Amino acid sequence: MRIISFWIPISISSIILHTLPVYNQCLSYQQSLLLAFRNDLIYDDTSSIKIAGWNQSVDCCEWGGISCDTDGHVTRLDLNSDYLSGAINDSSTLFRLQFLHSLNLAYNALDFEFTAGFGNLTQLTYLNLSNTNFHAQFSLVTSLVTLDLSSTSATLNIENPDPRFFLIQNLYLDNNINILTHDWAGVISSFLPDLRVISMQSCNLSGPLDASLAKLKHLSVILLDENTFSSEIPDSFADLKNLTVLSLQGCNLSGTIPYKIFQVPTLKMIDFSNNVMLQGPLPEMSGALDLQNLVLSNTRVGVGGKLPDSIGSLTMLSRIELSDCEFSGPIPDSMQNLTFLEYLDLSFNHFTGSLPSFQLSKNHLISVYLKQNSLSGRIPSSNWEGFDKLEYLDLADNSFTGTFPESFLTLKSLQTLNLSNNSFSGKPNESMVNVSSYQLDTLDLSSNKFEGSIPGFIFKLAAISTLTLSANKFTGRVDLHMFGNLKELYGLDLSYNNLTVSVEENKSSAVIASLSKLNTLKLVSCKMQQIPDLKNQSSLRMLDLSDNQLSGEIPNWIWEVGNGYLRSLNLSHNMFSTLQQPYAFPFLLDILDLHSNHLEGDIPVPSQRVYILDYSSNNFTSSIPVDFGSLLTSTIFFSISNNQLVGTIPQSICKARNLDILDLSNNSLSGTLPSCLLAETTKTLRVLNIRGNNLTGNVLDVFPETCHLQTLDLNGNHLQGPLPRSLVGCKNLMVMDLGHNNIMDTFPCWLSSLPNLRVFVIRANRFHGNITCLGSNTINILQIIDIASNGFSGVLPPTLFTSFKGIIGKFNDTQTHLYFKHPANQAIYYQDSVFLVFKGTGREVEKILSIFTSIDFSNNSFQGSIPVTLGDLKLLKLVNFSHNALTGPLPASVGKLTDLESLDLSVNKLSGSIPQELASLSFLSVFNLSYNELSGRIPRGSQFQTFSELSFMGNEGLCGVPLNKSCNNNATSESPTTDKDGTFDVYVSIGLGFFVGFVMIVGPLALSRRWRTWFSNHIDDLLAKVTKTKAHANTFIDSNNASTNLNVNTYDKMASSSLT
């Protein structure tokens, strides 16, 4: 009843206002003024509906945009958005319409040259000039109550305001940057005591949010979005007893939301969204009982707490936007009490647990967005019955389980259903007949575990426009003609199932042609052996048939699909061998991906518009055409890696000024690096990969100060000269790999000037000198350093490893891979890789985890001891110091490297014992201490039992398992010692043994003739055997020594081979 009583008077007054002019005709001079005003303007008879319809034969009070009083005076002129242009000056007849109460000329291209004429409109209470070309100093009128100068260039001096300014109650100045005061809040609060509405969105206001606005006791609406206040929210806003709307979206607010704000009983709308520094926890909200809209998206109000249960007490809530707020814990059950809820967005948070029932709001709920949380459990079908107004339901990127909720397909208003990236499973009901979602136009079931054939209800969704079933476990044979009844189909994706998509030519061609709206077709990994006939698909813009069994020629008609307007084509991971001649790529083709086929011959010439071009992993054998770079002026990604290209890199490549990624790796390109490629192209280029070619010459020292490179990979060429010092300008560089070249230089101490460097590889070059500077410069996030197989020498500085903050763990981040992804297009993607000797074998690591850490100093001439600070690198996974001349003990601190997987210290001069602490390294799978000077008992531990004797051979002083050398009873892991105090006991034992032997042999000889005869007959044979055995023993010893030397040499060659 309250709502009815509120609207009935308004409706009656509206009827009176519009019917009275029928009985009181427009005064003729008023009509003449209006016509004269129209004649000063430029308008279009078709578009300017209101003013073009002013007919002199009709009473002017009935003209479009006109209202009159009972005396026939024009009181309202509303030409909003009427496509008007022209100039209005002070002589305009507009300013002679002295009875105007309301003037609205908004959203027209009108120029106001002067504004003094507004002073003649003494009865004007409402003036809206927003979105016009108003650029003058504004002069106010006496009685003005509402002023809207939004999105104009008006100059409003509120520092010394006109006294007539004081009467304004509603002030709209959005998108106006000509407000001539910094103390705008103080001036407004002082000179506008009756202000009800203030809207100054995007006005370039700055400084702290002033609490003086709280002096305006009548203030009801505050709209200050998109300014830069950089302050906390004043508590004093809660003192505004009439406050209904408080919107501070995108104002760089910080701190927490004051508790008192949610206790204002009149508040109907709160919008603090897009303030990423606004912190949680969210206060209790039980006081704002009239709150209808709660908008806090893209803040951190969820940090440190759950969504309060008190949200359920705000029973008038109709709109909740809390996306990307970092909430955790369950969605409060109290939200089931929100009976007026229409819009719910809790996406991009960390909510857990099951999904509450919203049955009490089923008569109002229109949109539900719960995407990208950690919600789980089954969704009872009964919980979603009867939601007849529900249009959008997005549950994607969670962990929901169970079968497909059939009630979703009974929702009559449902337009979008997104269940992708969950764990739904089972076979959707094939016999489902009650499909009443006649308006469903988007269905996304991708990345679940649905099984069986494609469910029959799919083909009953007559309004379906976008159908995505990819990445499930659907099976069976599917022919494209089965989708013939889905006439509204715009996008179809059946990729990555266990389907076999076939094409019956006698059926499919005509049926596919009937899908006249089809724009996107993705049939990736569908076991296709034939390209469907798409010649007549005039609307097709994106076609992906990658990872199938297609072979032979790429038909030339495919370039005419979509009437020549095809924008994206992906035929990668097939077995195509050639392109059918003649062919012409569509002019509008943006994406062409032909990688991983068997294409051969000359490089196909692309259209100049293409911005993603991938020819990698084919059999192209030609050179790169001289003018090829001129065709890449729009290209952002170009890869032709893993082919057999010959010749040089053409200078024209430097004309491709929009390139982000250039990958020419693993070909047979020769010649030198073009100077312009390093000096000019790197100003925009993010990835340059030319590894595995035959390039020669120097890497020129011409990198610009504005270098944008993130990855530089020149590994495996024949490049010479010093390492360019100008690389210090590449501040974004993350991966620098120049291994396996002939670069001659000292260690680049300027590495510390590259704050984002994570991977540094100069393996197998001709670097020399010491690396002392590494001990004094901090390299924050370096995680892989490989300087093996060079000529480095000197000692390892004691502070060497304290500089590797990224491996110590102070700068470690989440477990992601190193890659480049274009910020505006995720299809532009490059995965970094690096060649490492890992676990004894050289291999290319194609996905470099940001938590993978490695240090390889092997095959150099380093001397001195291993710094104990090595043990501080707690994230280290691989250490290789082999083939150096390191001395001293093996630091016990290495036992603190609990993540260590590979440790190779072989072929050095390390001495002392193996620390017992190493036996506790449970992840250690490669361990090599061979050919050092270690001694003592090998520590015992579960992990050490897995290593063979090869890990310890060549250390004469070591004993114990797994060596075939037992330790004496007194041997310890510290050293196989001898008992010096037992020397006398040894001599006693020898003497006693001699005496017993003498008695046993000489005694029988003296007392027995038979024994003397036997001894005489056999002594010669015995001596002969002893002599022969000794000779054999000498031969064995010499042979064993030779074998040992051979083993050492063989190991050296093996290790050197693996290093290079």
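Is Arg76 buried, partly exposed or exposed? Select Arg76: the model is predicted, and in it this residue has 26% relative accessibility, so it counts as partly exposed.

**Stop 1: Arg300 and Glu326.** Select both. They form a salt bridge, with 3.2 Å between the closest N and O atoms. Arg300 sits in the loop between β16 (293–295) and β17 (319–321), and Glu326 in the loop between β17 and β18 (328–330), so the pair ties together parts that are 26 residues apart in sequence. Arg300 is partly exposed at 30% relative accessibility. Glu326 is partly exposed too, at 31%.

**Stop 2: Arg763 and Asp786.** Their side chains meet in a salt bridge, 2.8 Å from N to O. Arg763 lies in the loop between β49 (759–761) and β50, while Asp786 belongs to strand β51 (residues 784–786); the pair therefore ties together parts that are 23 residues apart in sequence. Arg763 is buried, with a relative accessible area of 1%. Asp786 is buried at 0%. The structure holds 17 salt bridges.

**Stop 3: the sheet.** Colour β50, β52, β58, β60, β62, β64 and β65, in that order: these 7 strands form an open sheet with parallel pairing. β50 (768–769) and β65 (957–959) are at the edges with a single partner strand each, so one side of each has no neighbour in the sheet. Zoom in on β60 (residues 885–889) and β62 (residues 909–912), which run parallel and are joined by 3 bridges. Finish on Thr887, whose bridge partner in β62 is Lys909.

Terms used
Residues numbered from 1 in each chain as written. Predicted model: local features only at pLDDT ≥ 70, side-chain atom pairs only at ≥ 80, totals over all residues. Heavy atoms only, no water. Pairing = 2+ DSSP bridges. Helix = DSSP H or I, 4+ residues; strand = E, 2+ residues; numbered from the N terminus. Salt bridge = Lys/Arg side-chain N within 4 Å of Asp/Glu carboxyl O. Buried < 20%, exposed > 50% of the residue type's maximum accessible area, 1.4 Å probe, protein only.
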